[in-house]
Amino acid sequence: MAELLTIGEVSRRSGVASSALRFYEERGLISSERAGAGHRRYRRPVLRRVAFIVFAQRVGLSLDEIGEELAKLPPDRAPTRRDWSRLSSKWTSRIDQRIAELERLKLGLTECIGCGCLSLDRCKLANPEDRAARRGPGPRYWIGDRPLGG
Ligand code: FES
């Protein structure tokens, strides 16, 4: 007896905007059934998928990476806690990376906010160890690039 949820209900319960849910669906990360007038109806387990997507994004996974992870879920049965745990097991290193980024941000905050140069040559905050140079111009890490591994 699957309980079907409207997009508004999924939005309220997950805290994710309907527009974002539609976007996730366009990207194939979640799926819905269509009711009579073509309205989306979601099976209840979609809430867990949405929670996974939100956490994974916060950890720093791209939508493509999230899609690859979600594709590993069994198609023939509802995912178990173990399935979800397996999917999130590689998050530890991503979280460590984020912590390191935030530590760097904290250390450089006062100097760099006062300075504002974001120099690729000398700003340790915008370009630690000059690793961002190959990514192109601008403060690569501030505009969304993830640092290279290592
Ligand atoms: S912004 Fe100038 S050194 Fe970081």
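## Val54 and its contacts

Val54 touches Val16 and Tyr24, leaving aside its neighbours within four places in sequence. Contact means heavy atoms within 4.5 Å. This is a predicted model, where local features need pLDDT of at least 70 and side-chain atom pairs count only at pLDDT 80 or more, while totals for chains, interfaces and linings use all residues. Residues are numbered from 1 along each chain as its sequence is written, and side-chain values use heavy atoms, with hydrogens and water left out.

Val54 sits in helix H3. Helices here are DSSP runs (H or I, at least four residues), numbered from the N terminus. Val54 has 31% relative accessibility, so it counts as partly exposed. The cut-offs are these: buried is under 20% relative accessible area, exposed is over 50%, and partly exposed lies in between (1.4 Å probe, protein chains only). Ile66 is 12 residues from Val54 along the chain, and their C-alpha atoms are separated by 9.7 Å.

A pair of aromatic rings is described by the distance of the centres and the angle of the planes. Rings of Phe, Tyr and Trp (its six-membered ring) pair if their centres lie within 6.5 Å. Planes under 30 degrees apart are stacked, over 60 edge-to-face, and the rest tilted. The count by this rule is two aromatic pairs. Phe52 and Trp84 have ring centres 5.5 Å apart and planes at 45 degrees, so this pair is tilted. Phe52 belongs to helix H3 (residues 46-59) and Trp84 to helix H5 (residues 81-88), so the pair ties together parts 32 residues apart in sequence. Phe52 and Trp84 are both buried.

Phe52 also forms a tilted pair with Trp91, at 5.3 Å centre to centre and 40 degrees between the planes. Trp91 lies in helix H6 (residues 91-115) and Phe52 in H3, so this pair ties together parts 39 residues apart in sequence. Trp91 is buried, as is Phe52. Ring pairs link Phe52, Trp84 and Trp91 into a cluster.

## H3 against H6

Two packed helices are described by the angle between their axes and the distance between the axes. Axes are lines fitted to C-alpha atoms, for helices over the stretch in contact, and angles run from 0 to 180 degrees between N-to-C directions. H3 and H6 pack at about 45 degrees, with axes 9 Å apart. They are therefore oblique to each other. Angles under 35 degrees are roughly parallel, over 145 roughly antiparallel, 65 to 115 roughly perpendicular, and the rest oblique.

Which residues of H3 and H6 make the contact? H3 supplies Phe52, Phe55, Ala56, Arg58 and Val59, and H6 supplies Trp91, Arg94, Ile95 and Arg98. By class, that gives six nonpolar, no polar and three charged residues. Nonpolar covers Ala, Val, Leu, Ile, Met, Phe, Trp, Tyr, Cys and Pro; charged covers Asp, Glu, Lys and Arg; the others, Gly among them, are polar.

The axes of H3 and helix H4 (residues 63-70) come within 10 Å and cross at roughly 140 degrees. That makes H3 oblique to H4. Arg49, Phe52, Ile53, Ala56 and Gln57 of H3 meet Leu63, Ile66, Glu69 and Leu70 of H4. These residues divide into six nonpolar, one polar and two charged.

Helix H1 (residues 7-14) and H3 have axes that come within 10 Å and cross at roughly 50 degrees. H1 and H3 are therefore oblique to each other. Val10, Arg13 and Ser14 of H1 make the contact with Val46, Leu47 and Val50 of H3.

Methods:
Helices (H or I, at least four residues) and strands (E, at least two) are DSSP runs, numbered from the N terminus.
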